[in-house]
Number of protein chains: 2
Amino acid sequence: MGKLDNLTAYQRRLTMVDYQKRNGHRSALLWFTGLSGSGKSTLAHLVEERLFGMGWYTYVLDADNLRAGLNRDLGFSEAERRENIRRVGEVARLFTDAGIVVLAALISPFSDDRNRVRALFAPGEFIEVFVKCPLEVCEARDPKGLYRKARRGEIPLFTGIDSPYEEPHTPELVIDTSQLGIDEAVRRVLQAVPGKALTAESGEYAERPFPG
Amino acid sequence: MGKLDNLTAYQRRLTMVDYQKRNGHRSALLWFTGLSGSGKSTLAHLVEERLFGMGWYTYVLDADNLRAGLNRDLGFSEAERRENIRRVGEVARLFTDAGIVVLAALISPFSDDRNRVRALFAPGEFIEVFVKCPLEVCEARDPKGLYRKARRGEIPLFTGIDSPYEEPHTPELVIDTSQLGIDEAVRRVLQAVPGKALTAESGEYAERPFPG
């Protein structure tokens with residue numbers, strides 16, 4: 001190759017399939033939706049730890065690493081929450097494009113917002129995990145003290161209190177954390193991860209038993 | 001572990017260092033800045049291909065995968081270009097947090113915007129690569145026909161034509177693509193990648209010769 005004099009627009013050669021072949025598994029987005037305190041983030045992190053332990057390439061997107069960074073300009077109005085979800089969906093698409101299994105844990109209370117994220121992905125790539133738990137149980141747990149604040153009127157538009165949560169109609173998975181033990185919850189999510197490996201030699205997807 | 005009844009806010013256990021140890025190299029953001037047609041994207045992709053070929057974990061962020069997705073709501077006003085750069089910096093931070101070497105190729109004409117991205121990273125993590133090339137040469141290449149359009153007044157605020165490009169004062173690297181061959185340009189960028197590996201056993205960073 002010589003100089004860049006006859007530069008043309010560069011055609012990307014590495015694609016998602018190349019990353020997936022190297023990583024040995026498909027990309028996917030596991031989207032954990034549910035009320036505050038339902039256990040979304042705990043579940044996402046525990047599942048990630050299991051996948052990481054198996055040598056998978058993973059990352060968790062949640063309020064901890066989004067609200068202080070990419071979405072720091074967004075408040076909690078309906079429009080801003082919609083934009084929040086849209087951006088997380090687009091970032092997840094970049095991560096899956098890089099061959100990674102992304103676990104996103106966000107309340108994401110509105111069906112339309114979740115479905116717009118789903119529409120960014122190929123069939124089977126987007127796995128909606130409804131982390132189901134009665135409001136009373138979530139409020140009794142109140143791990144971050146947010147329900148207490150919301151009841152005192154210190155957090156406006158708090159989901160479940162003065163803003164609705166729209167339950168998913170046909171999620172890929174429902175995990176009722178008021179009923180299931182945590183080990184069983186993790187096991188069920190792992191079973192829903194696309195358990196397929198790419199065979200580097202053939203370039204074909206080959207079924208392999210899920211090692212969990 | 002039992003039920004989630006006594007849920008507390010989950011403390012993340014997997015950190016950037018865990019991902020880096022597994023991947024066998026440090027995370028970094030290589031930020032390619034320069035005029036349209038200077039060769040930023042070509043260089044970023046060729047460097048990525050070399051790193052990928054060495055078994056590194058990499059991803060390229062450029063106009064191709066950002067403008068149609070995460071930043072589709074942004075136009076080209078000064079404020080929107082600033083927000084564009086801010087978001088790319090934050091996304092790059094998530095990728096480096098996941099242990100990946102990110103290569104971002106964007107004109108990013110304003111020093112303040114680039115320095116705000118730099119401030120998100122630890123010393124040594126952010127590597128500014130100034131892809132230097134005279135405007136006349138870029139305009140003669142015009143790989144996407146954008147300069148012709150800009151000269152006809154069809155693209156307002158086009159960098160180099162009717163919007164300024166602020167050269168980096170102290171970039172980590174300057175690559176003059178009007179002088180260097182492409183192989184030499186790639187070699188110089190590779191030499192600037194943090195050539196350190198994490199030793200999984202000791203948990204320490206160990207110097208290792210850069211395998212390029």
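Me: How many of the residues of chain A count as buried, and what makes a residue buried?
Reply: This is a predicted model. Of the 212 residues of chain A, 42% count as buried. The test is 20 or more other C-beta atoms within 10 Å of the residue's own.

Me: Which helices and strands does chain A have, by number?
Reply: Chain A holds eight helices and seven strands. Residues 24 or more positions apart make up 73% of its contacts with a separation of 6 or more.

Me: Which residues of α8 in chain A are buried, and why are they said to be on the same side?
Reply: A:Ala185, A:Val186 and A:Val189 are buried in helix α8 (residues 182-192). They span an arc of only 95° around the axis, so they share one side of α8(A).

Me: What covers the buried residues of α8(A)?
Reply: The cover includes β1 (28-33), α2 (40-53), β4 (126-132) and β5 (173-176) of chain A.

Me: How do α2(A) and α8(A) pack, and is their crossing left-handed or right-handed?
Reply: Their axes lie 10 Å apart, at an angle of about 65°. The crossing is right-handed.

Me: Which residues of α2(A) and α8(A) meet?
Reply: From α2(A) come A:Leu43, A:Leu46, A:Val47 and A:Arg50. From α8(A) come A:Ile182, A:Ala185, A:Val186, A:Val189 and A:Leu190. By class, that contact has eight nonpolar, no polar and one charged. Arg counts as charged, so A:Arg50 is the charged one.

Me: How many residues of chain A are in contact with chain B?
Reply: 40 residues of chain A are in contact with 40 residues of chain B. On chain A's side, α2, α3 (63-66), α4 (78-97) and α8 each supply at least two residues. That side has 15 nonpolar, eleven polar and 14 charged residues.

Me: How do you know that the same surface serves both copies?
Reply: 100% of the contact residues of chain A recur in chain B.

Key. Residues numbered from 1 in each chain as written. Chains lettered and ligands numbered in written order. Predicted model: local features only at pLDDT ≥ 70, side-chain atom pairs only at ≥ 80, totals over all residues. Buried ≥ 20, exposed ≤ 12 C-beta atoms within 10 Å, placed from the backbone. Helix = DSSP H or I, 4+ residues; strand = E, 2+ residues; numbered from the N terminus. Arc of directions from axis to C-beta. Contact = placed C-beta atoms within 7 Å. Axes fitted to C-alpha atoms, helices over the stretch in contact; angles between N-to-C directions. Left-handed = near helix turned anticlockwise from the far one by under 90°.
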